[in-house]
Protein chains: 2
Amino acid sequence: MNTNLSLPHVLILGCGFGGLAVARKLASAPVRITMIDKSNHHLFQPLLYQVATAGLAAPAIAAPVRSLLADQRNATSLMADAVAVDAARRVVTLDDGSEVTYDYLVMATGTTHSYFGNDAWEPYAPGLKNLSDAFIIRKRILLAYEHAERELDPVKRVPWLTFAVIGAGPTGVELAGTLAEIGRHTLRHDFRRIDTRQVRVMLLEGNDRVLGTYPEELSQKAREQLERIGVELHTGSRVTHIDAQGLKYQTASGEQTLEARTVVWAAGVAASPLAKTLGLPAEKYDRAGRVLVEPDLSAPGHPEIFVIGDLAGIQSDGKPVPGLGASAKQMGWCAAANLKRRLAGEATRPFHYADYGTLSPIGRKAAVAQIGKFKLSGTIAWLLWLFAHIYFLIGFRNRLMVMIDWAAAYFSFTRPARIVAGGDERATEDSA
Amino acid sequence: MNTNLSLPHVLILGCGFGGLAVARKLASAPVRITMIDKSNHHLFQPLLYQVATAGLAAPAIAAPVRSLLADQRNATSLMADAVAVDAARRVVTLDDGSEVTYDYLVMATGTTHSYFGNDAWEPYAPGLKNLSDAFIIRKRILLAYEHAERELDPVKRVPWLTFAVIGAGPTGVELAGTLAEIGRHTLRHDFRRIDTRQVRVMLLEGNDRVLGTYPEELSQKAREQLERIGVELHTGSRVTHIDAQGLKYQTASGEQTLEARTVVWAAGVAASPLAKTLGLPAEKYDRAGRVLVEPDLSAPGHPEIFVIGDLAGIQSDGKPVPGLGASAKQMGWCAAANLKRRLAGEATRPFHYADYGTLSPIGRKAAVAQIGKFKLSGTIAWLLWLFAHIYFLIGFRNRLMVMIDWAAAYFSFTRPARIVAGGDERATEDSA
């Protein structure tokens, strides 16, 4: 397949921001590249919550991997799930048992949900990592309102109109904010029996503030904006149980019970289990299972393996590098550059994270942002977030589509993707 | 929910072109309307094949029922599956066992697939009626290419690159034409091992010509255009068996076997089983299970029940009314007018079908059309089809989205919705 089989083979696992950045930076390098991902598309993860909340159609934030690499003749891709790395033999095993050899390996498979040992909670509280997750959550949200409308007993209706989001990091905050707006604005005129403005959106957080990676001041701003939108924020509340009826959580004043038919998990992430298969000594992993990489992003003891993005634990300028699309992309560029240096017999260089800031949307005209020393919140932060995300979306078509939908949503509060494919059963989640 | 409970209750089953037309025409009538559909959206069915072939995102051709009725204060909707009509008690039973009473009933639940008694074929040859079907077919098409690329044995690769479409009516023709174009153009540069231009698309038809409802001359034009695009057309070929490996079909020269991993069923339709629950005498149904309605579209012996769209068997000017969106819409208007006449104590009027023509797309710049006495084919028919469909799409946003995607597709042959959510197993079809 690749033109010259004598060229070194670079195997990239994962086609997120990191993996794609490596492939692109190696476009003219004397290597053969194979990109392996279990899905057939690159996903613009920062907007995934918009698909989950029916604001955008899936194809607007996803681009087929094969299209992205179509013109890069030294690269090919394979839709497959990599299950193990054998670093000694330089071989990766795929889900169908076949093996792929490599000369250089780039591990960029990111994170998965972690239920902190309570995997039984997963069916009742799905997390949001990929498009399948987004469809499951979208379907549950839309059907909860349909159930409420069909329910004649006003008491039994309440749990259908109660939404709980667990974890007040960026994903939890944007989900909770959007859920409140859906009830208060989007669906306001759509139902006859229920008043959707009575929706309760609960955001539960174990720590004492929201958006814990932001400065205290912005956490406070985020809290104010969430409450203005109508989210009930409960910090210092640790979830102890989740089932089909709702959940229990522990606060300073004891255990509370919340009846909620729709629960979304945005609390914990863990490194992709592929990291562990590398078989490094235990002290080379952090608590979330990330690989504590060398300054040049290589795996300890394996100069031919680079670990990047959310899978890599690394500090830059004495601070941990945040798990953002921007940092994954920068690590991808650095790993590609170091890989080329290795090929040329040169010394590699350490990774430095250039912090251009972080932005978290909360709702319509509500966001917080930290750009260098500037702390912003409200409409200005939201506008910044809007334009930054349209700018970084891949593909002109997707940018145009998202802009149109957002313009429509801004002026009329519509959410065009309120479509449920398939039946009414909560068990079958084959949504659209 | 509805303002005045003393008003007559009109229950509409099905939110397709017919059901929606009834609801809208009754917007200012002194009635309470309840619309029941098992999905939460109105679907623009003529473009469903574009979702199945990754040309359009689902939200572009679907509109939430609740949005469509939000401003119509005399109407409400319920997402539920109607399973039986008890005409004597004037009650409809829903899937959860609950009952809804009515004063007037409009049945507009359309058709489902019919495998002519071979329901065992369904898992291997899905049909195309709703968005779930479209995602199943899209996923199978995209994964077939991925399987072919992973398959090292060129002989084993062939069945993955062989697509069979059964039935050469409008749906079969548009699917087969698009499938051939996907291999020849869209995916041409995306793979490294396989040459997607070698894809085989077989269109099997039991009768001796394609598009049997069109004049002979246009069938011949359609055949020529299909063959130019690269579809292998086999008329006079009746399918006798389908399984996971492919299918068998009977021709004049004996039984043939075709190994094909992707098979789509576009051959037979039957009336929604709800029609039978009316319990009319057997001679009041046609062979496909449609209700042979009175000239005013009421069910025989039930002036309070109207049956419209694909569920109604009726002649107009001595010819059967074709099963089109346009005819369903016209029946909806007529049924609504007759319902109002009943309310006013006036005599009902017979339905007349105004034939504005039919259009069938075949592929890029390929279509056939019959408008009155004019028979058109090729680019001009295709342009007509294009503008007619954008014009009739519901909602400005959807029109804009479809135009953008089609403009992009026209100039670059891209299909932006080439996204598979979820795993690689053909069993789980939870696609996007």
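Chain A splits into two domains: domain 1 takes in 9–38 + 80–113 + 270–343, and domain 2 covers 119–267. These bounds come from an automatic or database domain assignment. Taken over C-alpha atoms, the centres of domain 1 of chain A and domain 2 of chain A are 34 Å apart.

A quick word on what you're looking at: this is a predicted model, where local features need pLDDT of at least 70, side-chain atom pairs count only at pLDDT 80 or more, and totals for chains, interfaces and linings use all residues. Residues are numbered from 1 along each chain as its sequence is written, while chains are lettered from A and ligands numbered from 1 in the order in which they are written.

Let's start with a sheet in chain A. It's an open one of three strands, in the order β6-β7-β8, with antiparallel pairing. The edge strands are β6 and β8 (99–101) of chain A, each pairing on one side only. From one strand to the next, the twist averages 25 degrees, an angle between N-to-C directions of axes fitted to C-alpha atoms, on a scale from 0 to 180 degrees. Strands here are DSSP runs of E with at least two residues, helices are runs of H or I with at least four, and both are numbered from the N terminus. Two strands count as paired if DSSP finds at least two bridges between them.

Now follow the pairing along. Strand β6 (residues 82–86) of chain A meets strand β7 (residues 91–94) of chain A over four antiparallel bridges, and A:Asp86 stands opposite A:Val91. The two strands form a hairpin with four residues between them, and A:Arg90 in the turn has a positive phi of about 55 degrees.

What about the inside? The largest nonpolar core has 278 residues, and A:Val106 and B:Val106 touch the most other members. Such a core is a set of buried Ala, Val, Leu, Ile, Met, Phe, Trp, Tyr and Cys residues joined through C-beta atoms within 7 Å. Buried means that 20 or more other C-beta atoms lie within 10 Å of a residue's own; 12 or fewer makes it exposed, and anything in between is partly exposed, with C-beta atoms placed from the backbone. Among the residues A:Val106 touches are A:Val10, A:Gly19, A:Val22 and A:Phe306; contact means C-beta atoms within 7 Å. A:Gly19 and A:Val22 are also among the buried residues of α1(A), a helix (residues 17–25) with seven of its nine residues buried.

The buried residues of α7(A) include A:Leu218, A:Ala222 and A:Ile229, and the buried set packs against elements including α6 (170–186) and β12 (200–204) of chain A. Just after the helix, A:Gly230 takes a positive phi of about 115 degrees.

Finally, look at B:Ile137 in helix α4 (residues 131–150) of chain B. B:Ile137 counts as buried because it has 27 C-beta neighbours inside 10 Å. Leaving out residues up to four places away in sequence, B:Ile137 touches B:Ala52, B:Pro126, B:Leu128 and B:Val264.

Notes:
Contact = placed C-beta atoms within 7 Å.
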